[in-house]
Amino acid sequence: MATGRTHRPATRSRGIPEATVARLPLYLRALTALSERSVPTVSSEELATAAGVNSAKLRKDFSYLGSYGTRGVGYDVEYLVYQISRELGLTQDWPVAIVGIGNLGAALANYGGFASRGFRVAALIDADPAMAGTPVAGIAVQHTDDLDRIISDNGVSIGVITTPPGAAQQVCDRLVAAGVTSILNFAPTVLSVPEGVDVRKVDLSIELQILAFHEQRKAGEDTVAAEDEGAPPMRATPASRKGPDGDMPAVMPA
């Protein structure tokens, strides 16, 4: 099986826009769910709805892959699963190193979905000497002093940083120096990397803050609607009387 160090996906060389690349995993997730239900074909409208995009954007994205589907039939689910997996490089074996084996790092190490998606957790690395040799998800944690050797021995080109923010840049620099060219950063800080190194950032606090904004806006809209001065005056609440199920209007509205 090919390794991530010697084979890289050709999306850039084929001119696929980054926005399209970012949506390919959404299509793959939806298609995989269909495949697991033994659904043979899917229309662009159905797949777009499952992926959370509009059908015109989906068809445009698939045009970059050379797949247009069959009119009146739709897209072959198994074919698209393979095609998108190949485009994303998921038909290869990608060794991954996780640096920072706290609660989050350990949770990622124990995540069972990596292997089925083309990724293999090859190394767990932590700066705490007391962690060295401790098995996590069946893999012994190794010390950061040996980071360069670990990356080289395991052919790692993708690094995952789950350290505290103060240590993230130093860890990033060491990973890059060791030959890692793609980094997934969970630390709440912005990393500086040289050209040719890709960084994807996952900041849970930012995502929660965005959700809080939307919740606040929805609450504000509800308040405005209730206090809208242009709304017709509310009718006086009629006297109520006790019924078998609690208070009830004395006079039911016509």
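Helix axes here are lines fitted to C-alpha atoms over the stretch in contact, and the angle between two of them runs from 0 to 180 degrees between their N-to-C directions. With that in hand, let us look around this predicted model.

**View 1. The whole chain, before we zoom in.** Welcome to a protein chain whose secondary structure comes to 8 helices and 11 strands. Of its 254 residues, 35% are buried.

**View 2. Helix H1 meets helix H4.** Here H1 (residues 18-36) packs with H4 (residues 77-88) at an angle of about 145 degrees, and their axes are 9 Å apart. The crossing of the two helices is left-handed. On the H1 side, the contact includes Val 21, Leu 24, Tyr 27, Leu 28 and Leu 31. On the H4 side, look for Val 77, Leu 80, Val 81 and Ile 84, among others. Sorted by class, the residues of this contact are 12 nonpolar, 3 polar and 2 charged.

**View 3. Helix H1 along its length.** The 19 residues of H1 reach 28 Å from the first C-alpha to the last, close to the 27 Å expected at 1.5 Å a residue. Its buried residues include Thr 20, Arg 23, Leu 24, Ala 30 and Leu 34. Strand E1 (41-42), helix H2 (44-51), helix H3 (55-63) and H4 are among the elements that cover the buried residues of H1. The C-alpha atom of Arg 29 is separated by 7.8 Å from that of Ala 51, although the two residues are 22 apart along the chain.

View 4. Ser 38 follows H1 and lies in the loop between H1 and E1. Though not a glycine, Ser 38 has a positive phi of about 60 degrees. At 65% relative accessibility, Ser 38 counts as exposed. Ala 137, in the loop between strand E5 (135-136) and E6, is not a glycine either, and its phi is positive at about 55 degrees. Ala 137 counts as partly exposed, at 39% relative accessibility.

**View 5. Helix H7 and its buried face.** The 13 residues of H7 (residues 165-177) should span 18 Å at 1.5 Å a residue, and the end C-alpha atoms are 19 Å apart, which agrees. Which residues of H7 are buried? They are Ala 168, Val 171, Cys 172 and Leu 175. Seen down the axis of H7, these buried residues fall within an arc of 110 degrees, so they line one face of the helix. The spacing makes sense: an α-helix has 3.6 residues a turn, so residues three or four places apart point the same way. The buried residues of H7 pack against strand E3 (94-99), helix H6 (147-154), strand E7 (158-161) and strand E8 (182-185). Turned away from that buried side is a face with the exposed residues Gly 166, Gln 170 and Ala 177. Just after H7 comes Gly 179, with a positive phi of about 115 degrees.

**View 6. Thr 144 in its loop.** Thr 144 lies between strand E6 (139-143) and H6. At 12% relative accessibility, Thr 144 counts as buried, because the cut-off for buried is under 20%. Leaving aside residues up to four places away in sequence, Thr 144 touches Val 99, Ile 125, Asp 126, Ala 127 and Arg 174.

Terms used:
Residues numbered from 1 in each chain as written. Predicted model: local features only at pLDDT ≥ 70, side-chain atom pairs only at ≥ 80, totals over all residues. Heavy atoms only, no water. Helix = DSSP H or I, 4+ residues; strand = E, 2+ residues; numbered from the N terminus. Expected span 1.5 Å × (residues − 1). Buried < 20%, exposed > 50% of the residue type's maximum accessible area, 1.4 Å probe, protein only. Arc of directions from axis to C-beta. Contact = heavy atoms within 4.5 Å. Left-handed = near helix turned anticlockwise from the far one by under 90°. Nonpolar A, V, L, I, M, F, W, Y, C, P; charged D, E, K, R; others polar.
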